[in-house]
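Thanks, everyone, for making the time.

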Amino acid sequence: MLHQPGVGPPDPQGVVVGPLDLAARVDEALAVQAIAFGLTDEEAGVRRHIVLRHLTSPGARALGATTSAGRLVGFVYGMPNDRTHWWSTVVEPYLRDTGHQDWLDDSFVITELHVHPDYQQHGIGRSLITTITDGAAEPRSILSAIDADSPARHLYRALGYRDLARPVLFPSAPTPYAVMGAPLPLRR
């Protein structure tokens with residue numbers, strides 16, 4: 001069981017999920033994302049500016065998973081969805097085509113969720129996403145995930161997310177995505 005502050009003992013790996021000053025640790029977070037998601041240094045560099053810009057959005061929040069030695073091994077961040085943001089403008093036509101465009105309103109969007117491969121399959125991703133969405137004021141959550149049968153998609157489905165639109169093509173992304181949504185709180 002993963003340790004959450006005030007909720008029992010830490011797991012044997014000593015990983016704790018808690019608030020993260022993502023702006024201060026953005027390079028560490030992007031290093032985790034690069035390994036977990038297979039990004040090049042150039043792609044991680046581009047994402048640095050995007051993450052820092054996202055963090056200025058009203059309601060943006062981040063959590064990190066850190067070892068007892070302080071190493072960041074996972075993170076999640078998100079915010080209340082804003083239809084004027086780039087992501088929303090890309091996914092809106094796909095959601096409209098499936099009759100789910102209302103999901104862009106009054107939703108908490110999971111912008112990024114990544115766990116270092118050495119720490120996957122230990123409940124860290126589940127703890128990160130459930131903890132951040134438990135603090136959301138919105139009644140539902142949306143996210144996009146690579147449209148493939150993967151551990152991430154299995155996790156999202158287990159938590160109550162369902163496909164709202166697929167395949168979704170993002171500019172410059174070689175792989176199709178799925179947009180998924182779930183009522184909050186997430187299923188346990």
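There are eleven salt bridges in this structure, where a salt bridge is a side-chain nitrogen of Lys or Arg within 4 Å of a carboxyl oxygen of Asp or Glu. Before I go further, this is a predicted model, in which local features need pLDDT of at least 70 and side-chain atom pairs count only at pLDDT 80 or more, while totals for chains, interfaces and linings use all residues. Residues are numbered from 1 along each chain as its sequence is written, and side-chain values use heavy atoms, with hydrogens and water left out.

One of the salt bridges joins the side chains of Asp 102 and Arg 140, at 3.8 Å from N to O. This pair links distant parts of the chain, 38 residues apart, since Asp 102 sits in the loop between helix H3 (86-97) and strand S4 (107-115), and Arg 140 belongs to strand S5 (residues 140-146). Helices (H or I, at least four residues) and strands (E, at least two) are DSSP runs, numbered from the N terminus.

Now to the packing: how do helices H1 and H2 meet? Helix H1 (residues 26-37) packs against helix H2 (residues 41-54) at an angle of about 130 degrees, with the axes 10 Å apart; axes are lines fitted to C-alpha atoms, for helices over the stretch in contact, and angles run from 0 to 180 degrees between N-to-C directions. That makes H1 oblique to H2, because angles under 35 degrees count as roughly parallel, over 145 as roughly antiparallel, 65 to 115 as roughly perpendicular and the rest as oblique. In the contact, meaning heavy atoms within 4.5 Å, H1 contributes Val 26, Asp 27, Leu 30, Gln 33 and Phe 37, and H2 contributes Ala 44, Arg 47, Arg 48, Val 51 and Leu 52.

Let me finish with the backbone. Most residues other than glycine have a negative phi, and most peptide bonds are trans. Here, the peptide bond from Arg 166 to Pro 167 is cis, with omega near -10 degrees, and Pro 167 is placed in strand S6 (residues 162-168). Another cis peptide bond joins Leu 184 to Pro 185, with omega about 0 degrees, and Pro 185 lies in the segment after strand S7 (177-183). As for phi, Asp 106, in the loop between H3 and S4, has a positive value near 55 degrees, and Gln 121, in the loop between S4 and helix H4 (124-134), has a positive phi of about 70 degrees.
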